[in-house]
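Try each one before you read the solution.

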Amino acid sequence: MVTTSGNTADITAAEDLVEAIPAVAGRRGRPRKQPDAILADKTYDSRRFRKTLQAKSILPVIPKRGAKGIIGLGPVLWIRRARS
């Protein structure tokens, strides 16, 4: 989590958030250090942020400003299962 002031654009903290992504667990072996892609809304559409992600081999899935949003996603619900 990154905290910024109230009138700060979200894009200013986006690069810090990408740097703070923990290792991705899953398969055996060395855990991946980064996701394959990042899905974001139009707020994060900037050349600098796209280039930062591409330099890290992360696919930016961000609609361009003025274009329609990402179609077909619908609401996403993340459910965390309690471990017993």
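A residue is buried under 20% relative accessible area, exposed over 50% and partly exposed in between, using a 1.4 Å probe and protein chains only. This is a predicted model: local features need pLDDT of at least 70, side-chain atom pairs count only at pLDDT 80 or more, and totals for chains, interfaces and linings use all residues. Numbering starts from 1 along each chain as its sequence is written, and side-chain values use heavy atoms, with hydrogens and water left out.

**Exercise 1.** Decide whether S57 is buried or exposed, and find its place.

Solution. Start with the number: S57 has 58% relative accessibility, so S57 counts as exposed. Next, S57 sits in the loop between α2 and β2 (59-61); helices (H or I, at least four residues) and strands (E, at least two) are DSSP runs, numbered from the N terminus. Finally, check the backbone: phi of S57 is near 60 degrees, a positive value in a residue other than glycine.

**Exercise 2.** Work out how α1 and α2 are arranged relative to each other.

Solution. The axes, lines fitted to C-alpha atoms over the stretch in contact, have angles from 0 to 180 degrees between N-to-C directions. Those of α1 and α2 come within 10 Å and cross at roughly 5 degrees. Angles under 35 degrees count as roughly parallel, over 145 as roughly antiparallel, 65 to 115 as roughly perpendicular and the rest as oblique, so α1 and α2 are roughly parallel. Contact (heavy atoms within 4.5 Å) involves I11, A14, E15 and V18 of α1, with R48, F49, T52 and L53 of α2.

**Exercise 3.** Is F49 buried or exposed?

Solution. F49 has a relative accessible area of 4%, so F49 is buried.
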